[in-house]
Amino acid sequence: MNLISKRFWDWVDQRYIVRRLLLGVTTWLAIDSYFWAARFAETTSKTGAEVGLIVAAVTGPVSLLLAQVAKLYGDGRAT
């Protein structure tokens, strides 16, 4: 690795740019999926239980992903 490339990646690592981008994109993904779930629940003709299961199937994994990314970001900031 040449010196310029090493200095660039050191600069990126010191400012947590990748972690911040990951947190931002994942937060946007979570917010978008929650808005989708709200629109789906308002406009669907399915019963209450079906709507609840579909919304949980969509927002559950996204919530878990956001929790893990937030934990990764927080753990990275602590070091």
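Buried means under 20% relative accessible area, exposed over 50%, and partly exposed in between, with a 1.4 Å probe and protein chains only. Keep those cut-offs in mind for the tour.

This is a predicted model, where local features need pLDDT of at least 70, side-chain atom pairs count only at pLDDT 80 or more, and totals for chains, interfaces and linings use all residues. Residues are numbered from 1 along each chain as its sequence is written, and side-chain values use heavy atoms, with hydrogens and water left out.

**Stop 1: helix α1**

Select residues 3-14, which form helix α1. Helices (H or I, at least four residues) and strands (E, at least two) are DSSP runs, numbered from the N terminus. The expected span of a helix is 1.5 Å times one less than its number of residues. The twelve residues of α1 should therefore span 16 Å, and the end C-alpha atoms are 16 Å apart, which agrees.

Now pick W9, a residue of α1. W9 counts as partly exposed because its relative accessibility is 43%.

The term means a side-chain nitrogen of Lys or Arg within 4 Å of a carboxyl oxygen of Asp or Glu. D10 and K6 sit four residues apart, about one turn of the helix. D10 is partly exposed at 32% relative accessibility, and K6 is partly exposed at 43%.

**Stop 2: the loop**

Move to Y16, in the loop between α1 and α2. Look at its backbone: Y16 has a positive phi of about 55 degrees, although it is not a glycine.

**Stop 3: helix α2**

Select residues 17-43, helix α2. Its 27 residues should span 39 Å, and its end C-alpha atoms are 39 Å apart, which agrees. Colour T26, A30, S33, A37 and F40: in α2, these are buried.

Zoom in on S33, which is buried at 8% relative accessibility. What does the side chain of S33 reach? It reaches the backbone oxygen of A30 at 2.9 Å. This is a polar contact: a pair of N or O atoms within 3.5 Å; within protein, one must be able to donate a hydrogen and the other to accept it, and residues adjacent in sequence count only if both atoms are side-chain atoms.

Leaving aside neighbours within four places in sequence, S33 is in contact with V58, T59 and V62. Contact means heavy atoms within 4.5 Å.

**Stop 4: helix α3**

T59 counts as buried, at 12% relative accessibility. A polar atom of its side chain lies 2.8 Å from the backbone oxygen of V55. Not counting residues up to four places away in sequence, T59 touches S33, Y34 and A37.

Finish in α3 with D75 and K71. Their side chains meet in a salt bridge at 3.0 Å, N to O. Being four residues apart, D75 and K71 are separated by about one helical turn. D75 is partly exposed at 42% relative accessibility, and K71 is partly exposed at 48%.
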